[in-house]
Protein chains: 4
Amino acid sequence: MQRVEVGVLGGTGMVGQHFIKFLDGHPWFELTWLGASARSAGKKYADAATWHLNGIPPERISAMMVREAMPGNAPKLLFSAMDSSVATEIEQAFAQAGHVVVSNSRNHRMERDVPLLVPEINAEHLRIIPAQQKARGWKGQIVTNPNCSTVVLTMALAPLKAFGIRRVIATTMQAISGAGYPGVSSVDINANVVPYIGNEEEKMQEETQKILGSYERDVITPLDAKVSAHCNRVPVLDGHTVTISVELATKPTHAQMLAAFAEFAGVPQERKLPSAPARPVQYMEQADRPQPRKDVERDRGMAVFLGRLRPCPVLDWKFIALGHNTIRGAAGAAVLNAELMHSEGLLD
Amino acid sequence: MQRVEVGVLGGTGMVGQHFIKFLDGHPWFELTWLGASARSAGKKYADAATWHLNGIPPERISAMMVREAMPGNAPKLLFSAMDSSVATEIEQAFAQAGHVVVSNSRNHRMERDVPLLVPEINAEHLRIIPAQQKARGWKGQIVTNPNCSTVVLTMALAPLKAFGIRRVIATTMQAISGAGYPGVSSVDINANVVPYIGNEEEKMQEETQKILGSYERDVITPLDAKVSAHCNRVPVLDGHTVTISVELATKPTHAQMLAAFAEFAGVPQERKLPSAPARPVQYMEQADRPQPRKDVERDRGMAVFLGRLRPCPVLDWKFIALGHNTIRGAAGAAVLNAELMHSEGLLD
Amino acid sequence: MQRVEVGVLGGTGMVGQHFIKFLDGHPWFELTWLGASARSAGKKYADAATWHLNGIPPERISAMMVREAMPGNAPKLLFSAMDSSVATEIEQAFAQAGHVVVSNSRNHRMERDVPLLVPEINAEHLRIIPAQQKARGWKGQIVTNPNCSTVVLTMALAPLKAFGIRRVIATTMQAISGAGYPGVSSVDINANVVPYIGNEEEKMQEETQKILGSYERDVITPLDAKVSAHCNRVPVLDGHTVTISVELATKPTHAQMLAAFAEFAGVPQERKLPSAPARPVQYMEQADRPQPRKDVERDRGMAVFLGRLRPCPVLDWKFIALGHNTIRGAAGAAVLNAELMHSEGLLD
Amino acid sequence: MQRVEVGVLGGTGMVGQHFIKFLDGHPWFELTWLGASARSAGKKYADAATWHLNGIPPERISAMMVREAMPGNAPKLLFSAMDSSVATEIEQAFAQAGHVVVSNSRNHRMERDVPLLVPEINAEHLRIIPAQQKARGWKGQIVTNPNCSTVVLTMALAPLKAFGIRRVIATTMQAISGAGYPGVSSVDINANVVPYIGNEEEKMQEETQKILGSYERDVITPLDAKVSAHCNRVPVLDGHTVTISVELATKPTHAQMLAAFAEFAGVPQERKLPSAPARPVQYMEQADRPQPRKDVERDRGMAVFLGRLRPCPVLDWKFIALGHNTIRGAAGAAVLNAELMHSEGLLD
């Protein structure tokens, strides 16, 4: 099979590096274009970027020339790892020019005609794209994935949607890699907890409602559930852990909750998309799991792990969720979005 | 002033070491007796115990002889740092023999005639002691302090009691020192979160209700509020951080909440007990505080620090609390209990 | 090809778990037997052992029955992960009974007729086995791999042997996984350095001389070089980092040093043994590499990474070395030893 | 006694904060002036600076107005915490204008007429000041303290100077606070070792020779000893740990070494300077000490702790040293320098 050529906007930053790593060896997509600022353009990737991830960059990428992030010679499908300070205009310019922009940036997530996709949960939100193109006069389009902590929460809640999600209180313990590079100073986080992440709680609260919302006739209606988030940074490299208390309308039993988690699957699993985990939500029976350092790399970082389901004296049930913030919560999320779109013929 | 001689039961363990450190230089109490198992008895403290805390033990203590933990030659006032596996019988034997046992062990905390004291909150619970002595035929008595995470939660909630506490959801991020020595293996907690601490959630839930409860005619009636705890271990040395969402009957404003925190004080502050912090609850205005490593040692580890008060979309208000688990949550808590008792003439 | 059945002695401990993980999917060896103490025998592995490594144990192993560690029904080839407190007699009993014991324990390493193998360095030391069997009246045999920190040092020095190694000063910064489970208490190592590891310096010093020594007519003569080690524990999960200063007889140039590192290879590379890294010693050009967390998993943990070669004002050259202590320094080392032996027909 | 007014140049940065903290409550010096860049000048300190140290800034300082770092209204005695990118010219301007600049910056350390002071070691190097003033035409002067890792090494070596120091190999494990703020990214150092600190090895090598050197007739002659340093960053907050191997001309015994450490003292101890530790070098008998997190705060961070003295198979002796990098290695070092100068009447 001929692989589809893809590019990464913002390829020299840390999120861009996650895209490069995740796309390495991808069966459908071949990374052939790296876009960055004018300062980096014209340099070999190895000279333009300092690699911040574990390991070293793929040799093929190190030798690749970085281009300026402007429409023109880029492939049709672009993953955007642009910093939010510049993403709005650049992403729009590419969409205007006919590109499919699959973005990890937060800039367009909450716009009414932009899908905020989690393929297992709301694949049908893609149907809003024609309305987006019409309203904006674009040949291309912009599709987004959620904030890294939102993905973990929504994957944990989606199996419970049929029980009627009414109220959710979540506390996160988020990994340092979520803050990018240089991100959090070691002087601040060494053997410490920082109980604040700018705008993170607001994003978790509103993005969750949109993702779990319903699509009908070009309108995405947010889920009518109350969501409260407490966001914290902890000295963990990768993996956001979330404690969740949830109130459910139909008062499911423990067994019904577990069954809902076990049976949860979506379009990516049906179509066996390359980056889809066989079981997107995995409940662990051990008393003290999941744990970020021990579980985050399992299933290539694309599954969300749950544990410790027990009654909540205040709401109905409480449990733990864990997901890989830079894979399932960023690069892997966007690639899975593109795989979904490709499987629907939307990249042709 | 003549200082009161005191002893520590279980002086060689890690909690015992916290007592030794906290009592060093105490203006009212002089540590003159260290009780431990038969195995340690007869040895110099320096030979019987390996010091696990930062720094080194006081020279005077290193040279002190360890005694067997049996009634007989011990001072009247004893702090118990006994492991819960043996505390029940030993503490009872000392109380039977006329000692005032101020215990950090969990064994007697939830018994109906044992005060579970936090002097700023429920000093009047001490009035149950005569009933305890009568029912058990003891000349002495047992008084307890709460679990380390409970202290942080109850100090944060006590100022709100007048608003009518209805429901509380709390998530802890607890320090490794709370697990004693050797406690948590570094292989388990290095750059990781362990989302489980045995029996901790149950303790936080029921102890909180008892502490905030009311005393009347030899009965302590627990507070009728629902409390749900999610307990986690994080790679922090000292200091338990707690995220709190709370529902309050009288719907106080933000200003009323802050005023309640600012004005909170109790018997220890009135009487200026030696270990009482001037302001037992301190609200920090900075967006990202309190933080365990940066704030836990302030005010000798005896204050509880709060921050980030903001509306909770699910309950009424949410905020952060932090306290020193081995000081305010263990050794310092017990010493403050004894200071309260001494100030009431109960040690005479 | 029919795979060779193998067993693990001490399969429930942490080193045993590293063997299980490393052997999973091995092309030549199939793990079919797990031996442990009488207490574990007769239980399913999942019930007998708590998994301490990242991830979860292979399903096939979880369902396997644990056997008592006694000769009888075990496969011929056994990897020993026995604790050193019991390894001596059990390993000898198996060797006596005809088994090939490929041991990671320290007990027999320094015995004169036991090979202390690093296949890239001293494959010819295997030739002492007939003398071992004759002297001890064994049908079987015992072959050992070095201490985890020794492997890193010897792999770094072996390429320089031709230059005449005279004096070496090495300081280690060793990972917590090297101490097993529960190993180092988190209270001791959190945000700390422990500048002492029992007997580690002695092992590094004498094992290095033996490994780099020469074999002739049933005698292994240690290398006549002075080696001084400073061993420290640091809060790193996997990977021992070593700073090395070395004096060399022939005073090689910087280019000659780099060429020696680049060209270094041995029998495992010639025979393309399954666990052999293509390049056993890899020099990194970056100014701040290798680093344990970033490099230790590369090449399946079987290569040793070097960096920062520069003149030493006291000896001749100084540089950094890094290796994976539980793979290249333990389970992987033993498996490579067995692969070497299999490739020589010694397992038939 | 009237306290001497002092100022801090670069008071808003992290080193400046260490000066503020260390000077709080100083018996001789009163901090009355904070100089910073024009951007901060005119603001209250609390508004101009984000506090990065544990705890909170002294209230008096928070309310103080920051001034522009230009000669004019500043006190005679100034501590310089200027970043090295700007320190050269600013410090010289103040010296020219008659100020006594006691600097922690590296800029002037190695200049031939500038004392690189460690008061216990080379108080007599102050005698070069008249030559400095004459050569440069200054009414004022510049005095410097060493790099943070150099202080630890020189304090450990100074007691051995009488034995004839010939060769030294040292490996450091340095705390993150040594890199300032934001300094080292948490993504780089979490559960990791970074085996490189820019220019640190060169500084340790040449500064050590100058500090241990001799003063005669306006010339400081470096010690004729070879020094080789390997510098590493580890995830520790405060405290640089150093492994040291040393060759000594007179071949002292173990007892002579220990005696030299125990007896070591200098001018600060004779004169009982306020920040002088009673015993500047303290040998610990425990097998696994000193350790940074456990020992670094002892004696107010002004002593250097040693341990594990044992024969070195390559040089003569090896041992461990530990010192507080931001106190003994920075702010405390400069304040002790000023105390020495004050005790000699040089500030009048």
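Visitor: Where is D:P290 placed in chain D?

Guide: This is a predicted model. D:P290 sits in a loop of chain D. On one side is β12 (281–284) and on the other α12 (292–295). The place asked for is the loop between β12 and α12.

Visitor: Which residue does a cis peptide bond join to D:P290?

Guide: Most peptide bonds are trans. Here omega is about 0°, and the bond is cis. The partner of D:P290 is D:R289.

Visitor: What is omega for the bond that joins D:Y181 and D:P182, and where does D:P182 lie?

Guide: D:P182 lies in the loop between β7 (165–174) and α8 (186–189) of chain D. A cis peptide bond joins D:Y181 to D:P182. Its omega is about 0°.

Visitor: What is the phi of B:A191?

Guide: Most residues other than glycine have a negative phi. B:A191 is not a glycine, yet its phi is positive. The residue is found in the chain B loop between α8 (186–189) and α9 (200–211).

Visitor: Is B:A191 buried or exposed?

Guide: The cut-off for buried is 20 or more other C-beta atoms within 10 Å. B:A191 has 23 C-beta neighbours inside 10 Å, so it counts as buried.

Visitor: Which strand holds C:R308, and what is its phi?

Guide: C:R308 is found in strand β13 (residues 304–311) of chain C. C:R308 is not a glycine, but its phi is positive. The value is about 55°.

Visitor: Why is C:R308 classed as buried?

Guide: A residue needs 20 or more other C-beta atoms within 10 Å to be buried. C:R308 is buried because its count within 10 Å is 22.

Terms used: Residues numbered from 1 in each chain as written. Chains lettered and ligands numbered in written order. Predicted model: local features only at pLDDT ≥ 70, side-chain atom pairs only at ≥ 80, totals over all residues. Helix = DSSP H or I, 4+ residues; strand = E, 2+ residues; numbered from the N terminus. Buried ≥ 20, exposed ≤ 12 C-beta atoms within 10 Å, placed from the backbone.
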